Amino acid sequence: MTDTPTAYHRSVRLRLILPLLALALLVAACGTLTAPAATDDGTDISEDDLRDELEAAAEFSTLNPGVVQGLDLQGVNYSRQAASGLLGERIASQVFSDALDDLGGAVSDAERDQLGEAFGQLVSNEWLELQFERQGTQLALIRVLAEEAGVPADVESWYADNAAELGLVCSSHVLLLTEDDAVAARARIVDDGEDFAAVAMDVSTGPTGPNGGDLGCGDPAQFVPEFADAVRAAELGEVTEPVETQFGWHVIVVRSRGADVPFVEAAEVAQQGYDAERNAVVGPALTDLLLDADVSVASRYGEWDGTQIVPAR
């Protein structure tokens with residue numbers, strides 16, 4: 001089975017690297033800052049280590065010009081907020097790394113491949129390598145926590161368990177302006193044995209005509225009521241009598257429904273359901289890990305509120 005990237009997998013792509021880049025650039029740009037310090041469960045995060053990371057982030061921005069745009073680099077307050085944010089990210093990463101070790105987990109080859117694809121267009125340096133390892137740890141921890149909670153390891157497995165309950169219907173239609181035209185189109189399919197998709201491509205006035213009338217797979221509730229009722233009532237493979245809606249007259253066929261809908265046709269909806277179930281389990285678990293951590297932060301950079309640093313004013 002293939003492993004379709006989850007919402008979290010997609011979130012590690014470049015758009016979520018940018019906030020960290022912004023933080024690093026802001027700190028590096030303002031010489032008024034002293035790098036922050038914190039302690040996480042007895043492990044010190046030294047000012048020197050943070051300063052080294054900020055310098056590596058600044059180097060990364062030089063190697064990858066234009067990645068971060070539109071930053072306001074004026075004023076020490078921006079710099080303090082930036083340093084606080086970066087420090088909070090570092091603390092969370094350490095908490096998650098410790099948790100993964102405690103659970104006996106490790107970053108898989110598949111997760112490294114996903115990150116490699118996400119980061120592959122960027123010129124690498126020490127800072128990007130650090131982000132690669134942190135994001136990999138978070139991906140692995142999410143997977144392990146989900147598995148412990150009984151969530152299937154991938155979206156295709158989840159779909160196999162939940163396809164019937166999703167109530168998906170895959171349908172196609174031919175849309176005509178008049179009832180007579182719809183009757184004639186249906187006769188070509190039912191009486192003359194012509195291919196449904198070919199007739200749709202020939203005469204359908206709707207935007208799906210060039211695709212053989214394919215409406216994809218989804219909840220019938222997405223359609224206008226008259227069309228939805230016809231889809232729900234139709235027998236599998238049956239070509240319906242013409243159905244009138246505000247858009248015209250439709251001849252409809254239901255290709256598959258429920259557990260018979262192939263995963264390849266339900267992948268997008270399945271991904272949404274899989275992500276929702278996994279996030280409902282993993283989100284609170286990650287929060288609890290942060291809340292349970294023994295964290296202290298230098299007061300000049302703010303206060304740890306249990307899950308993040310609230311910057312000092």
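Searching the whole structure turns up 3 aromatic pairs, where rings of Phe, Tyr and Trp (its six-membered ring) pair if their centres lie within 6.5 Å. This is a predicted model, in which local features need pLDDT of at least 70 and side-chain atom pairs count only at pLDDT 80 or more, while totals for chains, interfaces and linings use all residues. Residues are numbered from 1 along each chain as its sequence is written, and side-chain values use heavy atoms, with hydrogens and water left out.

**Stop one: Phe119 and Phe132.** Select these two rings and you will find an edge-to-face pair, with 6.1 Å centre to centre and 70° between the planes; planes over 60 degrees apart count as edge-to-face, under 30 as stacked and the rest as tilted. Phe119 sits in helix α5 (residues 109-119) and Phe132 in helix α6 (residues 126-148), 13 residues apart. Helices here are DSSP runs (H or I, at least four residues), numbered from the N terminus. Phe119 counts as buried because its relative accessibility is 5%, buried meaning under 20% relative accessible area (1.4 Å probe, protein chains only).

**Stop two: α5 against α6.** Now show both helices whole. Their axes come within 10 Å and cross at roughly 135°, the axes being lines fitted to C-alpha atoms over the stretch in contact, with angles from 0 to 180 degrees between N-to-C directions. That makes α5 oblique to α6: under 35 degrees is roughly parallel, over 145 roughly antiparallel, 65 to 115 roughly perpendicular and the rest oblique. Among the residues that meet are Phe119, Leu115 and Glu111 from α5, and Leu128, Phe132 and Arg143 from α6, contact meaning heavy atoms within 4.5 Å. By class, the contact of α5 with α6 divides into 6 nonpolar, 5 polar and 4 charged residues; Ala, Val, Leu, Ile, Met, Phe, Trp, Tyr, Cys and Pro count as nonpolar, Asp, Glu, Lys and Arg as charged, and the others, Gly among them, as polar.

**Stop three: Tyr159 and Phe263.** Next, pick this tilted pair, at 5.8 Å centre to centre and 55° between the planes. Tyr159 lies in helix α7 (residues 155-166) and Phe263 in helix α11 (residues 263-292), so the pair ties together parts 104 residues apart in sequence. Both Tyr159 and Phe263 are buried.

**Last stop: α6 against α11.** Here the helices pack at about 115° with axes 9 Å apart, which makes α6 roughly perpendicular to α11. Select Leu141, Ile142, Arg143, Leu145 and Ala146 of α6, then Arg278, Val281, Val282, Ala285, Leu286 and Leu289 of α11, to see the contact. The contact of α6 with α11 has 9 nonpolar, no polar and 2 charged residues.

Terms used
Helix = DSSP H or I, 4+ residues; strand = E, 2+ residues; numbered from the N terminus. Buried < 20%, exposed > 50% of the residue type's maximum accessible area, 1.4 Å probe, protein only.
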